[in-house]
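User: I would like to go through some of the terms used for this protein. Please set each one against its definition.

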Amino acid sequence: MMPSQNNDLFQLRLEIAATAARMIAQDGADYATARRKAARQVLGVDQPAPNLMPDNLQIEDEVRKYQALFGGSAQAERLLHLRQTALQVMDALAAFNPYLTGAVLNGTAGEHDDIHLQLFADSAKEVEIFLLGRNVNIDISETPHFKGARHDPVETVSFLWHKEAVHAELYEFHDLRGALKPRADGRLQRVDAAGLRALMTTDQSLEQDE
């Protein structure tokens with residue numbers, strides 16, 4: 001199935017993005033898996049042309065639309081709970097410069113989403129020792145560096161905090177330089193605890209005005 005006009009391309013990308021968004025919202029699929037499965041479902045091929053594939057921002061917009069239509073008050077309550085829990089974790093880890101990222105920040109978090117943090121510390125071991133010293137059980141894995149494949153993956157510690165899963169990527173302090181630039185769509189890529197509090201206050205004010 002090959003489009004002949006720019007409008008055809010746009011509509012196909014939109015259909016793939018919307019299909020991927022449903023998988024993310026309903027099943028908790030990650031963006032890469034959802035995009036791949038959605039493309040196969042819509043186009044019927046395993047390796048579609050790159051220009052047919054929506055990017056993460058387009059898929060995120062479709063997740064946002066899906067949550068607005070079908071999430072209702074349950075999604076809003078879940079998001080608030082996750083943000084409050086994230087604040088608790090960030091306050092506890094304040095010495096390691098925690099920043100919130102992902103669905104809990106951008107407002108699309110639902111029942112399947114976890115809390116994703118990025119810490120900027122002198123040593124990953126300091127974070128591990130801090131958590132273990134407070135009897136927090138951790139699992140250690142690796143996550144691709146947010147600056148791209150030219151950088152080595154970063155160690156990530158995962159743990160439960162009041163029954164919510166938290167994944168904290170451990171960066172070196174100098175990685176924070178330039179990391180606070182907004183995304184292409186103007187939204188923030190990451191915020192510290194003060195920024196999250198301000199975001200929650202703004203969202204609450206908007207709800208009261210509605």
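User: Which helix gives the most to the lining of the largest pocket?

Analyst: The model is predicted, so local features need pLDDT of at least 70 and side-chain atom pairs 80 or more, while totals for chains, interfaces and linings use all residues. Residues are numbered from 1 along each chain as its sequence is written, and side-chain values use heavy atoms, without hydrogens or water. Helix α3 gives the most to that lining, with five residues; helices here are DSSP runs (H or I, at least four residues), numbered from the N terminus.

User: What makes α1 and α2 oblique to each other?

Analyst: The axes of α1 (residues 6–27) and α2 (residues 31–43) cross at roughly 125 degrees and come within 8 Å. Angles under 35 degrees count as roughly parallel, over 145 as roughly antiparallel, 65 to 115 as roughly perpendicular and the rest as oblique. The two helices are therefore oblique to each other.

User: Which residues of α1 meet α2?

Analyst: Contact means heavy atoms within 4.5 Å. In α1, Leu 12, Glu 15, Ile 16, Thr 19, Ala 20, Met 23 and Ile 24 meet residues of α2, including Tyr 31 and Leu 43. The residues of this contact divide into 11 nonpolar, two polar and three charged. Ala, Val, Leu, Ile, Met, Phe, Trp, Tyr, Cys and Pro count as nonpolar, Asp, Glu, Lys and Arg as charged, and the others, Gly among them, as polar.

User: How many residues of the lining of the largest pocket are nonpolar, polar and charged?

Analyst: That lining divides into 14 nonpolar, 18 polar and 10 charged residues.

Note on methods
Axes fitted to C-alpha atoms, helices over the stretch in contact; angles between N-to-C directions.
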